[in-house]
Amino acid sequence: MLIDHCEEHTLRIARENGFWAGLTIYPVTKVTPQRATDIIEQFGSKMLCVNSASDWGESGPSNLTDTYLEFRSRGHSEAEATEIFYNNPCRFFGQNPKWKLKPVETGMPR
């Protein structure tokens, strides 16, 4: 199970109780790409899915890309970014046998 819309004060609670944590990027009303990267740097990327949506608040089609670019601009490697932005969602959704995409090898510890 994934608890979405996590922030600094809820992410740890979600993961400590065995849940995946979702960071939803809403750059005006919730989590900006910069704040999401701060959270990743502070709490790590284990059991974390970064996502964006358009159901409330201002959003945009580039929010996930903007977060990826912010993460990379801080000196994080392509392998780290792949673990967070591709492999983690594949691992989470891969719990369903109908999910076909598999994580790729990055050489990074899980």
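Predicted model: local features only at pLDDT ≥ 70, side-chain atom pairs only at ≥ 80, totals over all residues.
User: What makes E1 and strand E2 a pair, and in which direction do they run?

Analyst: Two bridges join E1 to strand E2 (residues 20–25), and the two run parallel; because strands count as paired if DSSP finds at least two bridges between them, E1 and E2 pair. Residues are numbered from 1 along each chain as its sequence is written, and side-chain values use heavy atoms, with hydrogens and water left out.

User: Why are E1 and E3 called edge strands?

Analyst: The open sheet has the order E1-E2-E3 with parallel pairing, and strand E1 (2–3) and strand E3 (48–52) each pair on one side only.

User: Why is Thr 67 called buried?

Analyst: Thr 67, which is found in helix H3, has a relative accessible area of 0%; buried means under 20%, exposed over 50% and partly exposed in between, with a 1.4 Å probe and protein chains only, so Thr 67 is buried. Leaving aside neighbours within four places in sequence, Thr 67 has contacts (heavy atoms within 4.5 Å) that include Ile 25, Val 50 and Phe 85.

User: How do you know that H4 bends, and where?

Analyst: The bend at a residue is the angle between axes fitted to the seven residues ending there and the seven starting there, and at Asn 87 in H4 this is about 40°, with Pro 89 following within four residues.
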